[in-house]
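Dear colleague,

Please find below the structure that I am handing over to you. My findings follow directly after it.

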Amino acid sequence: MWGAGQLMNVSTHMRTRVRAGESSAFAELYDSYARAVYNHVFRLTADWSTAEDVMATTFMEAWRLRDRVDPEGGSLRPWLLGIATNTARNQYRSNRRYRAAAGAAAAAELSVPDHAEEVADRVDDRRRLATALTALAALRRPEREVIALCLGEGLDYEAAAEALGIPVGTVASRLSRARKKLRTLTEAELARPAGELALKKVRGNREGGCPGRQTRGDHAHAIRPAQEGNR
């Protein structure tokens, strides 16, 4: 098992290679962090297709900004997640994407056979996904970003601050507020009867005029929160 010093040396070596524009270094960077970037962007956009686009743009932008990489330091993951966050901001239009994605997931509840236990388990997962997306949609963008970085990707306050370019204290205060709001909103959504939640989402989807987007990719992993500060 490697010690902290050895890990730092590996990270520094990677930073040097990335800064020098080595294609092999960027290939390794992609292999190591593409999933994390993809999942992080999905938490911000609630759209699998958009997450794929933003992920691709993130690595192209990382290549363009390679000369800004500090040769000294730890993992490049916070740097990449920061680029992904900024890219997602540029593509952000309105919360309708969240509501449409949630509605598409909840609508499936209307036609589930009561006797199918296995299907019912999947429906419960879809309802939790719909609930999570609806609750996230109600948060302010800065709150969603700290939730996605700290709870979704498990960054500590310092790494999240680096990714967002804000003070550590701001990360802590935003996260505290966001967690309280998210808990309240999630509990309120889960307290609704399943049929009522589904009808509400379907109605909102129709009124919003935004069709449900495809849901392909690592769905379960993309909404599973990491332990805070575990990486």
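Glu 143 has a relative accessible area of 1%, and since buried means under 20%, Glu 143 counts as buried in this predicted model. Its side chain meets that of Arg 140 in a salt bridge, at 3.9 Å from N to O. Arg 140, at 47% relative accessibility, is partly exposed.

The structure holds nine salt bridges, among them the one between Glu 143 and Arg 140. Another is formed by Arg 77 and Glu 153, with an N to O distance of 3.3 Å. Arg 77 belongs to helix α4 (residues 77-91), whereas Glu 153 sits in the loop between α7 (141-152) and α8 (157-164), so the pair ties together parts that are 76 residues apart in sequence. Both residues, Arg 77 and Glu 153, are buried. A network of salt bridges links Arg 17, Glu 22 and Glu 28.

Helix α3 may also be of interest to you. Comprising 17 residues (48-64), α3 reaches 25 Å from its first C-alpha to its last, close to the 24 Å expected at 1.5 Å a residue. The N-terminal end of α3 is capped by Asp 47, which has a side-chain oxygen 3.0 Å from the backbone nitrogen of Ser 49. The buried residues of this helix include Trp 48, Val 54, Met 55 and Phe 59. Within α3, Arg 64 and Glu 61 lie three residues apart, about one turn of the helix, and they form a salt bridge whose closest N and O atoms are 2.4 Å apart. Glu 61 counts as partly exposed, at 23% relative accessibility.

Yours sincerely

Definitions and conventions
Residues are numbered from 1 along each chain as its sequence is written. This is a predicted model: local features need pLDDT of at least 70, side-chain atom pairs count only at pLDDT 80 or more; totals for chains, interfaces and linings use all residues. Side-chain values use heavy atoms; hydrogens and water are left out. Helices (H or I, at least four residues) and strands (E, at least two) are DSSP runs, numbered from the N terminus. The expected span of a helix is 1.5 Å times one less than its number of residues. Buried means under 20% relative accessible area, exposed over 50%, partly exposed in between (1.4 Å probe, protein chains only). A polar contact is a pair of N or O atoms within 3.5 Å; within protein, one must be able to donate a hydrogen and the other to accept it, and residues adjacent in sequence count only if both atoms are side-chain atoms. A salt bridge is a side-chain nitrogen of Lys or Arg within 4 Å of a carboxyl oxygen of Asp or Glu.
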